[in-house]
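Colleague: Could you walk me through this model before I start on my own notes? I would like to begin with the overall fold and then go on to the packing.

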Amino acid sequence: MGSRAVVFGSSPAVAVEILKTHDRELSARYAPKATPIEESDLKKFSLLWATDCQPQWKSIRVLWKSELFSNKALDLQAEIRAKKTEEMMEFLRTKEGEIVKIRDIVFTTVYNTLGNICFSKDLIDFDDEKMGSDWRVIMWRFMECATTPIVADFFPYLDGLELDPLGLKKKSKKCMEKMFQVWGDIIKQRRMENGCDDVINHGDFLDFMMANGFSDVQILYMLLEIFPAGAGTLIATSEWAMAELLKNKEAMAKLHEELEDEKAVAANSI
């Protein structure tokens with residue numbers, strides 16, 4: 001691809017070699033040049049885009065696995081997920097008969113769920129549709145701009161010449177700075193609270209990161225991977241699923257019937 005050598009694993013045997021036999025040597029990532037983060041910072045702070053597997057990367061991986069994705073962590077987060085889903089349903093009930101933007105509603109739900117897991121607070125109000133839409137656009141634009149290839153991705157020797165006619169790096173950096181500003185204020189406020197005598201233990205991801213000595217910059221880069229990765233796929237999947245259901249009346253009727261059956265079972269169990 002350009003002047004960059006690319007090897008494709010196109011058979012099961014090669015897949016085993018790549019993903020099992022030599023997985024450690026090949027487990028690093030290639031960070032797109034439009035990413036507004038220096039490679040040295042990716043090595044120190046990133047889990048998803050680390051360019052090699054240094055001890056720092058392993059410690060971040062262990063942290064994510066134990067505090068976000070372990071069975072115990074998922075069980076503890078179940079109440080938060082259920083509560084935010086119910087809040088979404090209550091909001092949709094108030095919009096019966098009206099046109100709604102599924103992507104914005106799902107984004108607000110997911111973003112607030114992650115907000116409570118990380119910060120113990122909601123970050124967007126359902127009634128503030130503009131704020132929800134603006135934040136979704138910022139996050140989506142960051143992911144799109146930061147991962148779109150530019151000239152230097154195909155011709156590495158041109159790196160440093162800033163050959164980015166679409167200004168993707170500048171756009172992604174602007175979006176990143178907006179997110180960092182909001183999250184940074186929350187981190188600053190929490191550190192001020194921790195300096196008081198009556199410290200409140202929130203028991204969230206931010207408390208855990210601070211207790212383990214992570215700096216503000218390290219925390220911000222972790223959040224930059226948690227929020228877009230957590231929100232982007234769910235929004236796209238939910239919007240796609242609703243679009244397909246609207247086109248398939250039989251599937252919609254079957255789903256409605258299953259939901260009514262579940263509702264009846266739940267009512268009888270109370």
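**Fold, helix packing and pocket**

Modeller: In this predicted model, the protein chain has eleven helices and zero strands. Written out in sequence order, the pattern is α-α-α-α-α-α-α-α-α-α-α.

Colleague: And what does the C-alpha trace span along its principal axes?

Modeller: The C-alpha trace of the protein chain spans about 65 × 60 × 40 Å along those axes.

Colleague: OK, on to packing. At what angle do H4 and H5 pack?

Modeller: Their angle is about 150 degrees, and the axes of H4 and H5 lie 10 Å apart. Since angles over 145 degrees count as roughly antiparallel, H4 is therefore roughly antiparallel to H5. The crossing in which H4 passes H5 is right-handed.

Colleague: Which residues of H4 and H5 meet there?

Modeller: From H4 the contact takes in Gln77, Ile80, Arg81, Lys84, Thr85, Met88, Phe91 and Leu92, and these meet Ile105, Thr109, Asn112, Thr113, Asn116 and Ile117 of H5. Sorted by class, the residues of this contact between H4 and H5 are six nonpolar, six polar and two charged.

Colleague: Switching to H3 and H10, how do their axes cross?

Modeller: Helix H3, which covers residues 55-67, has an axis that comes within 13 Å of the axis of H10, and the two cross at roughly 60 degrees. That angle makes H3 oblique to H10, and the crossing of H3 and H10 is right-handed. On the H3 side the contact is made by Gln56, Ile60, Leu63 and Trp64, while H10 contributes Gln218, Met222, Glu225 and Ile226.

Colleague: What is the class make-up of that contact of H3 with H10?

Modeller: The contact of H3 with H10 has five nonpolar residues, two polar and one charged.

Colleague: And H10 against H11, how do those axes cross?

Modeller: The axes of H10 and H11 come within 5 Å and cross at roughly 110 degrees, so H10 and H11 are roughly perpendicular to each other. In this contact Leu245, Leu246 and Lys247 of H10 meet Lys249, Ala251, Met252 and Leu255 of H11. By class, the contact of H10 with H11 has five nonpolar and two charged residues, with no polar ones.

Colleague: Last one, how does the lining of the largest pocket divide by class?

Modeller: The lining of the largest pocket has 15 nonpolar, three polar and seven charged residues.

Note on methods
Residues are numbered from 1 along each chain as its sequence is written. This is a predicted model: local features need pLDDT of at least 70, side-chain atom pairs count only at pLDDT 80 or more; totals for chains, interfaces and linings use all residues. Side-chain values use heavy atoms; hydrogens and water are left out. Ala, Val, Leu, Ile, Met, Phe, Trp, Tyr, Cys and Pro count as nonpolar, Asp, Glu, Lys and Arg as charged, and the others, Gly among them, as polar. Axes are lines fitted to C-alpha atoms, for helices over the stretch in contact, and angles run from 0 to 180 degrees between N-to-C directions. Helices (H or I, at least four residues) and strands (E, at least two) are DSSP runs, numbered from the N terminus. Angles under 35 degrees count as roughly parallel, over 145 as roughly antiparallel, 65 to 115 as roughly perpendicular and the rest as oblique. A crossing is left-handed if the near helix is turned anticlockwise from the far one by less than a right angle, and right-handed if clockwise. Contact means heavy atoms within 4.5 Å.
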